[in-house]
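These are my notebook entries on a single model. I record what I looked up, in the order in which I looked it up.

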Amino acid sequence: IGVDLGGTKIEAVALDRRANVVWRERVATPKISSSEIYDAIAALVLQGERAVDATCSVGIGTPGSISRATGLLRGCNSVCLNGQPFKRDLEAELGREVRVTNDANCFALSEATDGAGQGAGVVFGAILGTGVGAGIVVQGCVLDGPNGIAGEWGHNPLPWPADGERPGHACFCGHSGCIETWLSGPGIERDHEQILVRRVHHL
């Protein structure tokens, strides 16, 4: 069972040994507490196992990365998970090993293996959703970097901002003007609403 943990939804699929999807389900991502997210993931896993009548291995792709120094999740746009022992907590909840890695890395590796990037020496896979991120695959291997965040570009500052774009919108990471605050789904939605308000005021 593979679980895609996003800022808006959690989606899970069960794959057979030939990588065919045999079950799929999605739910809205809880926003209040890490325990609610753990419960939602566990419920999806158990639902999937009932559907396929088997105990499955579990892999999770999540925004952010687990610190190699502390084992705690960081840089996740589901901010209630930051600073939490995400992998350890889920393993305790499910009673088995859980593999966890960055969602953009999962996406980039999938495309490099049997998708649009198949056969390419270097694949850069960009995600634009509730958050903005990317993964890099070189010769079929994910490039993690020393901090586990190679390829991540969403928290770089907006390049060449105009005067009206400074200092930029506040980001959950603690900075202002991150690319994620402009190009993510919520960022685009916010800008759309502001443009509509300005147009209504001009009428």
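I take buried as under 20% relative accessible area, exposed as over 50%, and partly exposed as in between, with a 1.4 Å probe and protein chains only. The model is predicted: local features need pLDDT of at least 70, side-chain atom pairs count only at pLDDT 80 or more, and totals for chains, interfaces and linings use all residues. Residues are numbered from 1 along each chain as its sequence is written, and side-chain values use heavy atoms, without hydrogens and water.

Entry on Pro-85. I counted Pro-85 as buried because its relative accessibility is 12%. I located Pro-85 in the loop between β6 (73–74) and α2 (86–94); helices (H or I, at least four residues) and strands (E, at least two) are DSSP runs, numbered from the N terminus. Setting aside neighbours within four places in sequence, I found Pro-85 in contact (heavy atoms within 4.5 Å) with Tyr-38, Gly-71 and Leu-72.

Entry on the sheet. I read an open sheet of five strands, ordered β3-β2-β1-β4-β7, with mixed pairing; two strands pair if DSSP finds at least two bridges between them. The edge strands, each pairing on one side only, are β3 (21–28) and β7 (98–102). Strands β1 (residues 2–5) and β2 (residues 9–15) run antiparallel and are joined by four bridges. I noted Val-13 in β2 as the bridge partner of Gly-2.

Entry on the helices. Axes are lines fitted to C-alpha atoms, for helices over the stretch in contact, and angles run from 0 to 180 degrees between N-to-C directions. I found helix α1 (residues 34–52) lying across β1, β2, β3 and β4 (58–62), at about 155 degrees to β3. Helix α3 (residues 103–114) lies across β1, β4 and β7, at about 85 degrees to β7.
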